[in-house]
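Dear colleague,

Please find the structure below, with the sequence beside it.

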Amino acid sequence: MSWNQWVRQIHRWLSIAFTVGVVVNIVHIVAWGGEEPAVWVYLLALLPLALLLFTGLYLFVLPYATRWRGGRRGSGRRPPCPAGSRSAGVEVTAIPEGAQ
Ligand code: HEM
């Protein structure tokens with residue numbers, strides 16, 4: 001797996017950790033009758049969120065950085081077809097007379 005795919009996977013799983021952290025915070029507040037949770041309960045959601053920010057910004061910049069470096073990935077353009085305008089996989093050897 002490439003570095004970029006690793007960052008995407010980490011971002012993905014951090015989003016689950018963040019969601020669980022938010023749920024724990026809500027359950028805590030409800031169970032303790034609206035009392036403010038301890039700092040470590042806040043951190044359960046805040047730490048994944050902070051990491052989500054960095055990995056998310058990395059993922060955001062990625063397609064632009066690829067373009068700046070002259071790559072084609074993420075440009076939205078398809079590479080030119082080597083067979084020209086004819087459909088791929090169909091080899092045209094001769095056009096029968098009167099077919100044009
Ligand atoms: C904190 C700031 C965040 C930033 C800057 C950010 C940014 C991004 C970017 C740029 C992408 C890639 C989009 C693409 O390639 O089309 C992404 C994907 C994603 N983000 Fe975030 N994100 C943030 C927070 C979150 C949060 C809070 C969640 C969910 C709780 C989340 C869940 C996801 C998921 C599930 C993906 C798709 C990952 C995949 O392709 O497998 N992100 N995010």
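Helix 2 has a kink of about 40° at Leu 62, shortly before the proline Pro 63, where the bend at a residue is the angle between axes fitted to the seven residues ending there and the seven starting there. Helices here are DSSP runs of H or I with at least four residues, strands are runs of E with at least two, and both are numbered from the N terminus.

Before going further, please note that this is a predicted model, in which local features need pLDDT of at least 70 and side-chain atom pairs count only at pLDDT 80 or more, while totals for chains, interfaces and linings use all residues. Residues are numbered from 1 along each chain as its sequence is written.

The pLDDT, which is the predictor's confidence in each residue from 0 to 100, has a mean of 83 over the chain, and 70% of the residues reach 70 or more. Over residues 84–90, however, the pLDDT is below 50, and this stretch has three contacts in the model beyond near neighbours in sequence; two residues are in contact if their C-beta atoms, placed from the backbone, lie within 7 Å. Where pLDDT is low, the predicted coordinates should not be read in detail.

The chain contains two helices and zero strands. The expected span of a helix is 1.5 Å times one less than its number of residues, so the 29 residues of helix 1 should span 42 Å, and this agrees with the 42 Å between its end C-alpha atoms. Helix 1 is followed by Gly 33, with a positive phi near 60°, and just after helix 2 comes Gly 70, with a positive phi of about 90°.

How many residues lie around the ligand? There are 13, and Ser 15, Leu 53, Gly 56, Leu 59 and Phe 60 come nearest; a residue is near a molecule if its C-beta atom, placed from the backbone, lies within 6 Å of it. Helix 1 (3–31) and helix 2 (39–68) each supply at least two residues of this shell, and the largest share, seven residues, comes from helix 2.

Of the 100 residues of the chain, 3% count as buried.

With best wishes

Methods. A residue is buried if 20 or more other C-beta atoms lie within 10 Å of its own, exposed if 12 or fewer, and partly exposed in between; C-beta atoms are placed from the backbone.
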